Amino acid sequence: MSEKPDSADALQLARLAKGWAEAIVSDDPARIASFMADEWVIVSDSGIDPKERFLSLVESGALTHSAMDLKAEPRIRVYGDTAVMTGRVTNTAHYLGERHDADEWTTDVFVRRQGRWLCVLSHITPVAPD
């Protein structure tokens with residue numbers, strides 16, 4: 001079990017985080033889905049939403065992103081075939097035509113399956129105002 005942030009797995013996951021942010025901004029459901037396990041869910045202040053709902057919103061155009069920026073290198077811990085990544089992200093989304101700018105702490109849980117890291121859970125928490 002490795003917890004060193006400079007491990008090969010952690011470096012691979014850091015690159016993966018950047019690729020996933022780029023996929024979100026592409027608004028391409030298939031590209032976004034390639035980072036997610038089938039059972040992926042997102043937890044936010046509105047509750048738990050499954051992969052299918054998230055991707056259907058993107059596919060319909062109801063949800064788009066024009067920016068997704070990692071504010072610093074994420075904190076990554078690898079525990080065998082499971083990894084936890086936590087970081088701060090700012091993003092600009094449009095939901096049903098309304099713009100939403102967010103500054104959030106995100107935690108993603110990844111599992112390694114057949115040599116690939118896939119996200120099974122994303123949790124977002126708004127950054128507290130100053």
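1. How do the residues of the lining of the largest pocket divide into nonpolar, polar and charged? In this predicted model, the lining comprises 22 nonpolar, 10 polar and six charged residues.

2. The pocket itself has a volume of about 1,000 Å³, and 38 residues line it, with Ile42, Phe54, His65, Glu104 and Ile124 lying nearest its centre. Two or more lining residues come from each of the elements H1, E1, H3, E3, E5, strand E6 (98-113) and E7.

3. As to the overall fold, the protein has three helices and seven strands, which follow one another along the sequence in the pattern α-α-β-β-α-β-β-β-β-β. Among the contacts with a separation of 6 or more, 51% are accounted for by residues 24 or more positions apart.

4. On overall dimensions, the radius of gyration of the protein is 14 Å, which agrees with the value near 14 Å that a compact globule of 130 residues would have. The C-alpha atoms fill a box of roughly 45 × 40 × 25 Å along the principal axes, and 38% of the 130 residues count as buried.

5. The largest nonpolar core holds 31 residues, of which Leu13, Trp20, Ile32, Phe54 and Phe110 touch the most other members. At least two residues of this core are supplied by each of helix H1 (8-26), helix H2 (29-33), strand E1 (36-44), H3, strand E3 (63-70), strand E4 (75-79), strand E5 (82-95) and strand E7 (116-126), and H1 gives the most, with nine residues. As general background, nonpolar side chains in soluble globular proteins tend to be buried together.

6. With residues up to four places away in sequence not counted, Lys51 touches Ala33, Met36, Ala37, Asp38 and Trp40.

Terms used
Residues are numbered from 1 along each chain as its sequence is written. This is a predicted model: local features need pLDDT of at least 70, side-chain atom pairs count only at pLDDT 80 or more; totals for chains, interfaces and linings use all residues. Side-chain values use heavy atoms; hydrogens and water are left out. Contact means heavy atoms within 4.5 Å. A nonpolar core is a set of buried Ala, Val, Leu, Ile, Met, Phe, Trp, Tyr and Cys residues joined through side-chain atoms within 4.5 Å. Buried means under 20% relative accessible area, exposed over 50%, partly exposed in between (1.4 Å probe, protein chains only). Helices (H or I, at least four residues) and strands (E, at least two) are DSSP runs, numbered from the N terminus. On a 1 Å grid over the protein atoms alone, a cavity is a set of points where a 1.4 Å probe fits but cannot get out, and a pocket is an open set with protein on both sides within 12 Å along at least five of seven lines; lining residues have an atom within 4 Å of a point. Grid points are joined across faces, edges and corners, and a volume is the space filled by probe spheres set on the points. Ala, Val, Leu, Ile, Met, Phe, Trp, Tyr, Cys and Pro count as nonpolar, Asp, Glu, Lys and Arg as charged, and the others, Gly among them, as polar. The radius of gyration is taken over C-alpha atoms; the globule rule is 2.2 Å times the number of residues to the power 0.38.
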